[in-house]
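Colleague: I would like a close look at a single part of this assembly. Please take one chain and go through what was computed for that chain and its neighbours.

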Amino acid sequence: MLSSKHFFLLPALLTLIAIILFPLLFTIRVSFSSWDVFQSGLDFIGGKNYGRVFEDERFWQSLGRLSLLSLISVSLQYTLGFALALSVWKQVRGGRFLRVIFLIPMMTTPVVMSVIWRTVFHESLGPANDILSMFGIGAVPWLSSATGAFISVLIVEVWQWTPFMFLLLLAGLVSLPREPYLAAAIDGASTWRTFWQVTFPLMAPITIGALIIRLIEASKIMDTVYVLTSGGPGTATETSSYYIYIRGLRDFQIGYSAALSLVYLVIMIVSLTVIAKLLLRILVGKVG
Amino acid sequence: MNKFYHTLKTLFLFGWSLFVVFPFLWALTTSFKDANAITSGATYIPWVDYEPSTQGWTSLFTTGSQGINIVGPFIDSASVTLIASVLSLALGTLAAYGLSRFEYRLGFVKNGDITFFFISQRIMPPIVLAIPFFLMLKEIGALDTIFGLVIVYIALLLPIAVWVMTDFFAGIPKELDEMAMTDGCSPIGAFFRVILPNSVPGLVVAGMFCLIFGWNDFFFAFTLTFTETQLLPVSIVSLNSSVTPWWSLSAFALISVAPLACVAVIVERYMSRGTMSGAIR
Amino acid sequence: MFQVEQLTTSDPKVSLQDVSFRCEAGNIYTILGSTGAGKTELLRALMGLNPLVDGDIQLDGKSLTARPVKDRSMSLVYQQFINYPHLSVLDNVAFPLRRQGKNKAEAQSLATEMLATVGLSDFLQRRPAQLSGGQQQRVALARAMVKKSRILMLDEPLANLDYKLREQLREEFPRLVAGNDNSVILYTTTEPREAMELGNTTIVMSDGRIIASGPPADLFAHPPNQSTASVISDPPISFISGHVRNDALYFSEDQLAPSDGLQLPADGPVTVALRPDAIEPGGDFDATIGLSEFSGSETIVHLDFEFGRAIMLVEGIENFAVGDSLSVSISAEHIMLFAPDGRNITTRIK
């Protein structure tokens, strides 16, 4: 017996399930096989792929690399985004113009910008090293050394996604109530103290939301790595997504990459849920 | 506010603005270079450091073996993004409204679980579904078509629309719906006549995110299209890996990102009105 | 004729229990009760917004319970100012008429007339957000009345307005709703004064049930039970646990209570209710002053007696210091007696 409430939910729900059901089920089934595209049927090899996942050093290293990259980049994005939001929150000269400028990076296509960044970080023809040399600093192996590559990816990520934090945090700041600030002003609190005692606690819910959303998106990082460093040099910037891509679409070990994908998915869901709960406890606990 | 903070703030804003704008400026200058301008190292100012040329730009609009076609990919990207965004926004808004106003139950699955189901789709890295999607589209003959990509993009963008709009609808009092029904609207009528007109800020934000994530996708377009349908991100990556000069690449890149940069202007206008603060949370 | 029978709902906050009453068109019925008594729940159940566990709602003999919200010929004015934010004041009031099928011109003309009645002719093109609270409620009222529904319901419509505005709108209210001869008007409130002023009939609710109904003056003079007495009085009635012994009324073990003119029940416990005007300064009962507050042109004094607490109402503004002793008289004329089960057993003998 269909009523109007079904009219609202069912189209979206059924559409989504229809689109992802087969892929999901297929991935699960193929993870128990050793399919490599060239065979005509799907065999069954039990949990062999999963066993291999757990012994796969390269996978676990990629996971570590990914965690490090995500945590550092999201923290930087948050800090910078917050600082930016605070700076343009009250009336600033050219505030509107600045706000537009600050938003633009997040609207751009990561692969497209990475193509540009690649030319920027070019070690002999690019401006990065050229400008550094103007300050007397020697050429940095941006894309040819492990640390350099890691930092390049970090820079691009921070450039690209800080605006997201900026947007969310500014929207939050704009809707804060005035009373606590009046009280703080009456109490003669300094700018620093006002921030920590009033602004930061009031922004706790938005902080959590923003961090979680960015962590979810950051964990999927692929496009930038693909273009900027191709996971290299060597495996220096190989994130889990990239590694799974290699196994699946380059080596055509479909079965194995499916197993990798599912293990990765479970790890992601679990850790993100844990982080979300932790953040909730830390930030909300501190506030109230 | 004292002098110290003020100077710090100005320096910070100036520095960050420079950082933000730099890649664009670099791409702009580079797009006007030719082989001579590059060989001896980085150059910056036209006519001073090098002789500008329009090679980079004209090559984009010539088809054939010498040219790089940007018009085709641009149209394909626009089509896929717009169609998928509109559909996702429509379906997602309806679902979000339902979840915020009605109680659903299927066994032990309740509203909160359904919302979580939608939103958790974003956790899935593209790689997990890329190959199965490939096989699925192959089966229905939708590989390398706009239709096929739209289907896949809907799965990507629908969760975003649901995410934003669920939050937004939570902020509209249910009494408004009730008033509409008292005044003669059916529940569906109440939504279309009263709630929807008052949802513009939320729709703008949700629509913006849909456009962004749709236009900027690379991986699915990369796996699921080849020759018939070419999206901008895929085009530029294949140009990058073949021997394409920097000036063409830079021009191509600038045109690719221009449309959404305009969206930034529109979004800022909404932001400064404060009307978005209810929508983003 | 509007009839409600044995309405029962199940709600985590307040559930309606067996609510029944009958209303005639052309009358204003005030529904009086404290917060949590079930007034809002009752209106929402009548509208069809909250589901019923049991009971029936009938209009002119036909049952409404199966009909959707929009087909019940009802209007509701909320306590919060609810208007359509995206429409002008004129379109706000025209909205229900358009839903009825009237064309734009006709709807706007009727809406304009109604808005003139509520005094908002100068604001037709404004948006509700640009109006003050009182004006927003007038818009809501105009919209509720314009479609001439059979049942017009108002849920504490003046509660969110400031004092002066509330008084003003309360005075205007009868004029505003005049001409609704075909409608039943249900008006909920927590203020006894409002119930008295506005309604021909008052329905008193407590804990999801109706505990009394009738002309407000009657209910005030002779509340049928203790709960009603405590709801309908402002300032509140004080209740003392007393008893009857040997044909005499006592406040406590041996403190005699005035009982001239009262027929006393048989020996046993009894609740003695003191109206605020039962007590006057100067008399045989000793008390300490607990609290003293001004209310309009009167003074309300909380007194601590040996046998309990009571409230005294004094004309004029008098200064009473907290902690002082005061001797007061208590007049049996303003005393009521209630049996242990809550029934009013006050009987006066000539």
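Predicted model: local features only at pLDDT ≥ 70, side-chain atom pairs only at ≥ 80, totals over all residues.

Modeller: The closest C-alpha atoms of chain A and chain C lie 12 Å apart, and no contact joins the two chains. Chain C does touch chain B: 20 residues of chain C are in contact with 15 residues of chain B. Of the 2 pairs of chains that touch, though, A and B have the most contacts.

Now the interface of chain C with chain B. The size of an interface is often given as the accessible area lost when the parts come together. Here, the buried area is about 1700 Å², with 62% from carbon and sulfur atoms. Three residues stand out on the chain C side: C:Lys70, C:His86 and C:Arg99 supply 31% of the area that chain C buries against chain B, more than any other three residues. The rule also finds 3 salt bridges across this interface. In a salt bridge between C:Lys147 and B:Asp183, the closest N and O atoms are 3.7 Å apart.

Next, chain C itself. Its secondary structure has 8 helices and 18 strands. Along the principal axes, its C-alpha atoms fill a box of roughly 75 × 45 × 40 Å. Chain C has 350 residues, and 50% count as buried. Among its contacts with a separation of 6 or more, 65% link residues 24 or more positions apart.

Then the surface and charge. The accessible surface of chain C is about 16100 Å², and carbon and sulfur atoms hold 46% of that. Chain C carries 44 negative and 31 positive side chains. The centres of these two sets are 15 Å apart.

Key:
Residues numbered from 1 in each chain as written. Chains lettered and ligands numbered in written order. Heavy atoms only, no water. Helix = DSSP H or I, 4+ residues; strand = E, 2+ residues; numbered from the N terminus. Buried < 20%, exposed > 50% of the residue type's maximum accessible area, 1.4 Å probe, protein only. Contact = heavy atoms within 4.5 Å. Areas by Shrake-Rupley, 256 points an atom, 1.4 Å probe, with all protein chains shown as cover. Lys, Arg positive; Asp, Glu negative; His and termini not counted. Charge placed at Lys NZ, Arg CZ, Asp CG, Glu CD. Buried area = accessible area lost by both parts, 1.4 Å probe. Salt bridge = Lys/Arg side-chain N within 4 Å of Asp/Glu carboxyl O.
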